[in-house]
Amino acid sequence: MQYIKGFFGSFFSLDTYGDLDLGHEHFPNTVEGFGYRFNENGQLRKIDTDEPFQYDVKPGDKAYNQGHYEALGKCIGHYIEDLLVSKYGLERTIVPLRVDADDANTPKSHIYLSKGALTTTDTLLVLIQGSGVVRPGQWSRAVIMNESLELGTMFPYIERAQRNGWEIMILNPNLNEISFDDGDGMDFGGEGGLSFSKKLGSMTIEGSETPEHHCQYVWDNFIKMSKAENIVIVAHSYGGHTITLLATHNAFDFTHRVTALALTDSVHSRSSIKGQPVIEWFDRNARDWVASKESLDKDLPYHTKDAGCPCVSAGHSKHAYTSGTAKDSVMNYLESKIRKTERE
C-alpha cells in the first residue's frame with residue numbers, strides 16, 4: 001500500500017489556529033512541524049533520521065511528553081481526515097443537517113460520505129470507530145503512531161470497498177461537544193469518548209450529544225435514507241456497543257436493511273441485544289473478531305456465549321490492533337454475506 005509522503009493540505013490545516021497550546025506548552029500545528037512524516041509504507045518516521053516515533057522527548061518530564069504526544073496525535077488526525085477527501089474522494093458533510101458549514105455560532109460535527117452513498121442501489125459500507133480520541137478514518141491513534149497507517153486506519157477497508165465498487169460512510173461518534181473557541185469543532189474539543197457531561201466553556205452538538213445519539217442521528221438522516229440494496233457495517237470496540245443499541249431501538253428497519261455486521265473486539269454484551277428478531281439477526285448476520293492469542297479466524301465459543309454472535313480470533317492479542325489484523329478476514333466475511341443474499 002502506497003501513501004502520500006509529507007502531505008498536509010489546507011482543507012484541515014491547523015494554520016487557522018496557530019500553534020497548539022496544551023497547558024503552558026506550545027507545539028507545532030503540522031506533522032512535519034514535529035519533525036515527522038509518513039513514509040511510503042505508512043510508517044511515522046523522523047524526517048532527518050528516519051527513526052520511529054519517540055514518546056520520551058524530554059526524559060523524566062511526563063507532562064511535556066504527554067502533551068507532545070497529544071498535540072502530534074491531533075495533527076495526525078487532521079492529516080488522516082485530509083486524505084479521506086484528497087486521496088479517497090470522500091465528501092465532508094456537516095451534521096446536524098440544518099447547520100450551514102459557514103455558521104460559526106452553532107456547534108457542529110461532520111461525517112464522511114462517498115458521492116453515491118445515498119443513491120447507490122448496490123452496497124454501502126459503514127465504518128464506526130471506538131471511543132476516545134479517535135476520529136474519522138482512525139481505528140487506533142497509538143497503532144498509527146507506533147506501527148503504520150495500514151494497521152491503525154480505515155484506509156485498507158476503504159480501498160477494498162472502492163475496488164468492489166461499494167459506497168462508503170464514516171461516522172464521527174466521539175465529537176460530542178466543542179469549546180467556545182473551537183469554531184466548527186475542527187480542533188477536536190471534548191475528546192473523552194466516554195465522558196458525556198457538558199464541560200465548562202463548551203457546547204454539546206445537536207444530534208451528537210453522545211456516541212449513541214450520533215449513531216441514531218446518522219441512521220435516521222443518512223443510512224436509512226440510502227437506496228443501497230446491501231448495507232454492511234464494521235464497528236470497533238465501543239462502536240459495537242452503539243450498534244447493538246441502534247439495532248435494538250430500530251429493530252425492524254435494522255434487521256431488514258442491514259445485510260451483515262462485522263465487529264472488531266466489540267465491548268457490547270449479549271444483554272444489550274434485546275428483542276427476539278434482533279437476537280436472531282445477530283446470531284445469523286453478525287460476527288466479532290476478538291483479541292486473542294489464537295490464530296486468525298479460530299472459533300472462540302466462550303466469547304460467543306457472552307457476545308450473542310459468533311466470535312473468532314482477530315489474530316492479535318491486543319485490543320487496538322484487531323481491526324488492522326483482521327481486515328482481510330472481515331472484508332471476506334462481508335463479501336460472502338452479500339453473495340449469499342444475492343443468491344437467495
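Mentor: Let's get our bearings before zooming in. The protein chain has eleven helices and 14 strands, and keep in mind that this is a predicted model. Of its 344 residues, 56% count as buried. The accessible surface of the chain comes to about 14,500 Å², and carbon and sulfur atoms hold 49% of that. If you take the contacts between residues at least 6 apart in sequence, 71% of them join residues at least 24 apart.

Now for the part I've picked: helix H6, which runs over residues 238-249. It has twelve residues and reaches 17 Å from its first C-alpha to its last, close to the 16 Å expected at 1.5 Å a residue. So is H6 enclosed, or is it out in the open? Ten of its twelve residues are buried, so the helix is largely enclosed by the rest of the structure. Here "buried" means under 20% relative accessible area. You can find those buried residues one after another: Tyr 238, Gly 239, Gly 240, His 241, Thr 242, Ile 243 and Thr 244 come in a row, and then Leu 246, Ala 247 and Thr 248.

What do the buried residues of H6 pack against? Their partners include three strands, S7 (123-128), S11 (230-236) and S12 (258-264). Helices H5 (211-223), H7 (251-257) and H8 (276-285) are packing partners of these residues as well.

Look next at the way into the helix. Ser 237 is in the loop between S11 and H6. Its phi is near 55°, a positive value in a residue other than glycine. That's worth a second glance, because most residues other than glycine have a negative phi. Ser 237 is also buried, as its relative accessible area is 9%.

With a relative accessible area of 42%, though, Asp 50 is partly exposed. Helix H1 itself covers residues 62-86, and its 25 residues reach 36 Å from the first C-alpha to the last, close to the 36 Å expected at 1.5 Å a residue. H1 is largely enclosed by the rest of the structure, since 19 of its 25 residues are buried.

Which residues does Val 330 touch, leaving aside its neighbours within four places in sequence? They are Tyr 157, Val 234, Ala 262, Thr 264 and Trp 289. Trp 289 is 41 residues away from Val 330 along the chain, yet their C-alpha atoms are separated by 8.0 Å.

Tyr 157 brings in another helix. H4 (residues 155-164) packs with H11 (residues 327-343) at an angle of about 35°, with the two axes 10 Å apart. Their crossing is right-handed. On the H4 side you'll find Pro 156, Tyr 157, Arg 160, Ala 161 and Asn 164, and on the H11 side Lys 327, Asp 328, Val 330, Met 331, Asn 332 and Glu 335. The residues in this contact divide into five nonpolar, two polar and four charged.

Ser 292 is in the loop between strand S13 (286-290) and helix H9 (301-307), and at 11% relative accessibility it counts as buried. Not counting residues up to four places away in sequence, Ser 292 touches Leu 300, Ser 313, Gly 315, His 316 and Ser 317.

Lys 108 is buried, with a relative accessible area of 1%. Its C-alpha is separated by 8.9 Å from that of Leu 175, 67 residues away along the chain. Pro 96 lies in the loop between S5 and S6 too, and a cis peptide bond, with omega about 0°, joins Val 95 to Pro 96.

Key. Residues are numbered from 1 along each chain as its sequence is written. This is a predicted model: local features need pLDDT of at least 70, side-chain atom pairs count only at pLDDT 80 or more; totals for chains, interfaces and linings use all residues. Side-chain values use heavy atoms; hydrogens and water are left out. Helices (H or I, at least four residues) and strands (E, at least two) are DSSP runs, numbered from the N terminus. Buried means under 20% relative accessible area, exposed over 50%, partly exposed in between (1.4 Å probe, protein chains only). Contact means heavy atoms within 4.5 Å. Accessible areas come from the Shrake-Rupley method with a 1.4 Å probe; for residues, only the protein chains shown count as cover. Axes are lines fitted to C-alpha atoms, for helices over the stretch in contact, and angles run from 0 to 180 degrees between N-to-C directions. A crossing is left-handed if the near helix is turned anticlockwise from the far one by less than a right angle, and right-handed if clockwise. Ala, Val, Leu, Ile, Met, Phe, Trp, Tyr, Cys and Pro count as nonpolar, Asp, Glu, Lys and Arg as charged, and the others, Gly among them, as polar. The expected span of a helix is 1.5 Å times one less than its number of residues.
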